[in-house]
Amino acid sequence: MSKTIAEVRVKPQRLLVTLLGDHWRGKTEHIPSTALLRLLAEFGVSEQGARSALSRLVSRGLLARSRRGRRTFYGLTDRGLALLDEGAKRIFGFGVERQRWDGTWSVVAFSVAEADRDRRHLLRTRLRWLTFAPLYPGLWISPHPHLEEAANVLAELGIDNMTLFKGIVPSWGSRRASFLSAWDLESIGASYARFLKRFRPVQARLRAGRLAPSEALVTRTRLMDEWRRFPREDPDLPDEFLPPGWPRRAARELFDQLFRDLGPAADRRVEEVVAEERSRAAESDRRRARTAA
């Protein structure tokens, strides 16, 4: 495995949900805890870290725990599945279609007291998640129709000194360049470039048949974890605001192809580990029965 991919760390809780969602979705039976511990170990997660992640996901209501005898099993809850569906919709839909922009901007004007710093910070963070950026300190703008979501954020934060509307910008004056810099396109473009640099060698090794199932599993999961950042970071600006050679399309094509092509080998690895753990459990039961007889 290339060093750059091996160095990428995925949080154990997110890793568990991703693994179960990708490779155990639609199955009614729970997966043995010993199999999950082995799978997480392939990502460098210690047994203690894996058990802690399992416990926390159960506490959050994302995983369900079941027992048969002395053995423990886990599966996704309805809440966990709903969380996966919500994330998948954004992850797999991002960057797929480029509809022609009609020139309409969503605009949020608000006023929060300077002393209320925590609420100001939280509002700004959540507006950026919705692809808004500041044209002026209290006037934020987005090329996407996210006014309803912005209104929900303002309501949740108890901010009623605000106005939301749609409009066009007939002239930017001297503000166009400084406004676009609020999204830090240079940093986003660099992230895409790093993604391409990290995973293009994987594509070459896969085509050459030099990826074992265990490596395919780890690589595919890390690929997903890297890609899921882009819907959060990239505001998906209209083409007319992007620099020439914007690398999102190339990154999206690489993600699609690798995610699809790594799937069969990754599935085999999960099935192998689960089958081995079930076989060991069955043999242990037979030994116990012979001892008791």
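Let's start with one pair of residues. Ser106 has Lys166 as its bridge partner, and Lys166 sits in strand 7. Before going on, a word on the source: this is a predicted model, where local features need pLDDT of at least 70 and side-chain atom pairs count only at pLDDT 80 or more, while totals for chains, interfaces and linings use all residues. Residues are numbered from 1 along each chain as its sequence is written, and side-chain values use heavy atoms, with hydrogens and water left out.

Back to the strands. Strand 4 covers residues 105–110, and its pairing with strand 7 is antiparallel, over six bridges. Two strands count as paired if DSSP finds at least two bridges between them. Helices and strands here are DSSP runs, numbered from the N terminus: H or I for at least four residues, E for at least two.

In what order do its four strands run? The order is 5-6-4-7, the pairing is antiparallel, and the sheet is open. At the edges are strand 5 (133–136) and strand 7 (162–167), each with pairing on one side only. From one strand to the next, the twist averages 30°.

Two helices pack on this sheet. Helix 6, residues 117–129, touches strand 4, strand 5 and strand 6 (139–142). The direction of helix 6 makes about 15° with that of strand 6. Helix 7, residues 147–156, touches strand 4 and strand 7. With strand 7, the direction of helix 7 makes about 175°. For these angles, axes are lines fitted to C-alpha atoms, for helices over the stretch in contact, and angles run from 0 to 180 degrees between N-to-C directions. Contact means heavy atoms within 4.5 Å.

Next topic: charged side chains. How many salt bridges does a search of the whole structure find? It finds 25. A salt bridge is a side-chain nitrogen of Lys or Arg within 4 Å of a carboxyl oxygen of Asp or Glu.

Take Arg14 and Asp225. Their side chains meet in a salt bridge at 2.8 Å, N to O. Arg14 is in helix 2 (residues 12–23) and Asp225 is in helix 10 (residues 213–227), so this pair ties together parts 211 residues apart in sequence. Are the two buried or exposed? Arg14 is partly exposed, at 30% relative accessible area. Asp225 is buried, at 5%. The cut-offs: buried is under 20% relative accessible area, exposed is over 50%, and partly exposed is in between (1.4 Å probe, protein chains only).

Now Arg269. You will find Arg269 in helix 12, residues 248–292. Arg269 is buried, with a relative accessible area of 14%. What does Arg269 contact, leaving aside neighbours within four places in sequence? The list is Arg38, Glu42, Pro213, Ser214 and Leu217. With Glu42, Arg269 forms a salt bridge, the closest N and O atoms being 2.4 Å apart. Glu42 lies in the loop between helix 3 (33–41) and helix 4 (47–59), so the pair ties together parts that are 227 residues apart in sequence. Glu42 itself is partly exposed, at 25%.

Glu283 and Arg287 form a salt bridge, with the closest N and O atoms 3.8 Å apart.
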